Amino acid sequence: MNRKAVLFDLDGTLLNTLRDLTDAVNHVMRTHNQPEHSMEDIRTFVGNGVRNLMRRAVPGGEDNPLFEQQLAEDIAYYRQHDRIYTSPYDGIEAMLDTIRDNGLLVAVLSNKDEVAVRNLCEHFFKGHYDLALGNTPNRPRKPDPAIVNAALEEFGIAAGEALYVGDSETDAATAEAAGVEYILVSWGFRDREILGRFNAKAIIDSPGELIRYV
């Protein structure tokens, strides 16, 4: 196996960000006297970037005349409160260390705002990864393969030399669009029943299981 890099999704794959994401949304909801959402609601809303998250959370979505304001408020609040409850899933750091000790490169690729992605990676994974990319105005969000292609270009490798790891249907679609083999994890934001609909190389239940595939 000529594997040279592992490309990871962030939310629901490396980090459990669900409570902080929920708190940010509900801060905005309270500010505008709108109904709040449970963490289970937010779990189903995430996966396609903050705009899509807020489109699902705000009554009326983008047709709401205050939508853009509420989106900006959520982004601003989350940037200041993204590490209150967020933490890596058990076993993530050890898994990343093993991958890099085996000579592979590690990238983190997220639909989250790139500033937030890099801040979170530096805080939680400093020394455990090689590249962190997030959403920018000039790069389409996953499931568009642009972010995967950017990582492959940065690493100077072909799609067949990488493995993508994520926790959602968005990740499956991204990897398939990029022509990269992929694995889905069951500890994230989607149930195993949903994950089983895709053509992943495997669905794994703990970070340590990933090592056999790299």
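How closely do the axes of helix 1 and helix 4 come, and at what angle do they cross? The axes of helix 1 (residues 18–31) and helix 4 (residues 67–80) come within 9 Å and cross at roughly 135°, where axes are lines fitted to C-alpha atoms, for helices over the stretch in contact, and angles run from 0 to 180 degrees between N-to-C directions.

## Basis of the model

This is a predicted model, in which local features need pLDDT of at least 70 and side-chain atom pairs count only at pLDDT 80 or more, while totals for chains, interfaces and linings use all residues. Residues are numbered from 1 along each chain as its sequence is written, and side-chain values use heavy atoms, with hydrogens and water left out. Helices (H or I, at least four residues) and strands (E, at least two) are DSSP runs, numbered from the N terminus.

## Helix 1 against helix 4

The crossing angle of roughly 135° makes helix 1 oblique to helix 4; angles under 35 degrees count as roughly parallel, over 145 as roughly antiparallel, 65 to 115 as roughly perpendicular and the rest as oblique. The crossing of these two helices is right-handed, a crossing being left-handed if the near helix is turned anticlockwise from the far one by less than a right angle, and right-handed if clockwise.

On the helix 1 side, Asp-20, Leu-21, Asp-23, Ala-24, Val-25, His-27, Val-28, Met-29 and Thr-31 meet Gln-70, Glu-73, Asp-74, Tyr-77 and Tyr-78 of helix 4, where contact means heavy atoms within 4.5 Å. Sorted by class, this contact of helix 1 with helix 4 has seven nonpolar, three polar and four charged residues; Ala, Val, Leu, Ile, Met, Phe, Trp, Tyr, Cys and Pro count as nonpolar, Asp, Glu, Lys and Arg as charged, and the others, Gly among them, as polar.

## Helix 3 against helix 4

The axes of helix 3 (residues 50–57) and helix 4 come within 10 Å and cross at roughly 120°, and the two helices are therefore oblique to each other. Helix 3 passes helix 4 in a right-handed crossing, with Val-50, Arg-51, Met-54 and Arg-55 in helix 3 meeting Phe-67, Glu-68, Gln-70, Leu-71, Asp-74 and Ile-75 in helix 4. By class, the contact of helix 3 with helix 4 has five nonpolar, one polar and four charged residues.

Within helix 3, the buried residues are Asn-52, Leu-53, Met-54 and Ala-57, where buried means under 20% relative accessible area, exposed over 50%, and partly exposed in between (1.4 Å probe, protein chains only). These buried residues of helix 3 pack against helix 1, helix 2 and helix 4.

## Gln-70 in helix 4

Gln-70 lies in helix 4 and counts as buried, at 0% relative accessibility. Not counting residues up to four places away in sequence, Gln-70 touches Val-28, Met-29, His-32, Gln-34, Met-54, Val-58 and Asn-64. Val-28 and Gln-70 are 42 residues apart in sequence, yet 6.4 Å apart in space, C-alpha to C-alpha.

## Nonpolar cores

The largest nonpolar core has 46 residues, of which Phe-8, Leu-14, Phe-125 and Leu-210 touch the most other members; a nonpolar core is a set of buried Ala, Val, Leu, Ile, Met, Phe, Trp, Tyr and Cys residues joined through side-chain atoms within 4.5 Å. The largest share of this core, six residues, comes from helix 1. A second, separate core of 21 residues includes Leu-152, Phe-155, Tyr-164 and Val-180.

The peptide bond from Lys-142 to Pro-143 is cis, with omega near 15°, and Pro-143 is found in the loop between strand 5 (131–135) and helix 7 (146–155). Lys-142 is also one of the residues touched by Asp-171, together with Asp-9, Tyr-164, Gly-166 and Leu-184, not counting residues up to four places away in sequence. Asp-171 has its place in helix 8 (residues 169–178) and is buried, with a relative accessible area of 1%.

Asn-33, in the loop between helix 1 and helix 2 (39–45), has phi near 55°, a positive value in a residue other than glycine, and counts as exposed at 73% relative accessibility. His-128, in the loop between helix 6 (114–125) and strand 5, counts as buried at 16% relative accessibility. Leaving aside neighbours within four places in sequence, His-128 is in contact with Glu-93, Leu-96, Asp-97, Arg-100 and Val-106.
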